[in-house]
Amino acid sequence: MNETMVCVVGNVATKLTYRDLASGPSVRFRLAATPRYWDREKNVWTDGSTNYFTVWANRQLAANVAASLNLGDPVVVHGRLKVREETRDGQKWVSADIDAAAIGHDMARGTSAFLRTSRPETALPRRPEPAWETPPAEQQPEPAAVT
């Protein structure tokens with residue numbers, strides 16, 4: 001599987017769009033990432049060109065993102081990069097999307113409080129706990145002979 005995984009640090013640039021679909025929740029927002037560099041000639045920090053990404057999150061990640069992020073929040077997004085090209089009204093458009101695997105607040109720029117969400121019960125049968133303790137020496141089987 002050759003997918004391009006990226007990790008982008010930036011800010012939430014648009015309001016989140018949340019949708020409840022038949023396949024589960026989905027959320028979308030634009031991420032603005034602006035590199036900064038030290039300009040030695042001017043002796044100041046300078047902003048580079050801003051890159052914009054459309055971030056997509058699905059299922060439980062989407063529900064958690066919708067409850068946690070706001071416009072302007074500093075975030076770290078990790079996911080699969082997908083570059084799309086299309087023609088609209090005779091003009092060629094290129095967009096970069098990120099299918100998110102993980103999204104979180106950028107802790108280098110602030111604090112956040114984590115709340116664990118409860119997982120829905122699964123329909124898998126419960127198995128008994130294995131016996132982890134070593135039985136006494138008289139109950140242990142004899143080692144197999146090596147031939």
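1. A contact is taken here as heavy atoms within 4.5 Å. Among contacts in the chain between residues at least 6 apart in sequence, 56% join residues at least 24 apart.

2. The model under review is predicted: local features need pLDDT of at least 70, side-chain atom pairs count only at pLDDT 80 or more, and totals for chains, interfaces and linings use all residues. Residues are numbered from 1 along each chain as its sequence is written, and side-chain values use heavy atoms, with hydrogens and water left out.

3. Secondary structure consists of one helix and eight strands, where helices (H or I, at least four residues) and strands (E, at least two) are DSSP runs numbered from the N terminus. Along the sequence the order is β-β-β-β-β-β-α-β-β.

4. The chain exposes about 12,100 Å², of which carbon and sulfur atoms supply 52%; accessible areas come from the Shrake-Rupley method with a 1.4 Å probe, and for residues only the protein chains shown count as cover. Of the 147 residues, 23% are buried. Buried denotes under 20% relative accessible area, exposed over 50%, and partly exposed the range in between (1.4 Å probe, protein chains only).

5. The largest nonpolar core has 20 residues, and Phe29, Leu31, Val77 and Ile103 touch the most other members. Strands E1 (5-12), E3 (24-33), E6 (51-58), E7 and E8 (91-105), together with helix H1, each supply at least two residues of this core. A nonpolar core is a set of buried Ala, Val, Leu, Ile, Met, Phe, Trp, Tyr and Cys residues joined through side-chain atoms within 4.5 Å. Leaving out residues up to four places away in sequence, Ile103 touches Phe29, Val55, Ala57, Leu61, Val65, Leu69, Val76 and Val77.

6. Eight salt bridges are found in the whole structure, each being a side-chain nitrogen of Lys or Arg within 4 Å of a carboxyl oxygen of Asp or Glu. Arg84, Glu86, Arg88 and Asp97 are linked in a network of such bridges. Asp97 counts as buried because its relative accessibility is 7%, whereas Arg84, at 40%, counts as partly exposed. Glu86 is likewise partly exposed, at 28%.

7. Asp106 forms a salt bridge with Arg109, the closest N and O atoms being 3.0 Å apart. Asp106 is buried, with a relative accessible area of 12%; Arg109 has 44% relative accessibility and therefore counts as partly exposed.

8. Asp73 is buried yet has no salt bridge, and the nearest side chain of opposite charge, Arg109, is 9.6 Å away. A polar atom of the Asp73 side chain lies 2.9 Å from the backbone nitrogen of Asn70. Apart from neighbours within four places in sequence, Asp73 is in contact with Gly10, Asn11, Val12, Ser68 and His105.

Definitions and conventions
Lys and Arg count as positive and Asp and Glu as negative; His and the chain ends are not counted. A polar contact is a pair of N or O atoms within 3.5 Å; within protein, one must be able to donate a hydrogen and the other to accept it, and residues adjacent in sequence count only if both atoms are side-chain atoms.
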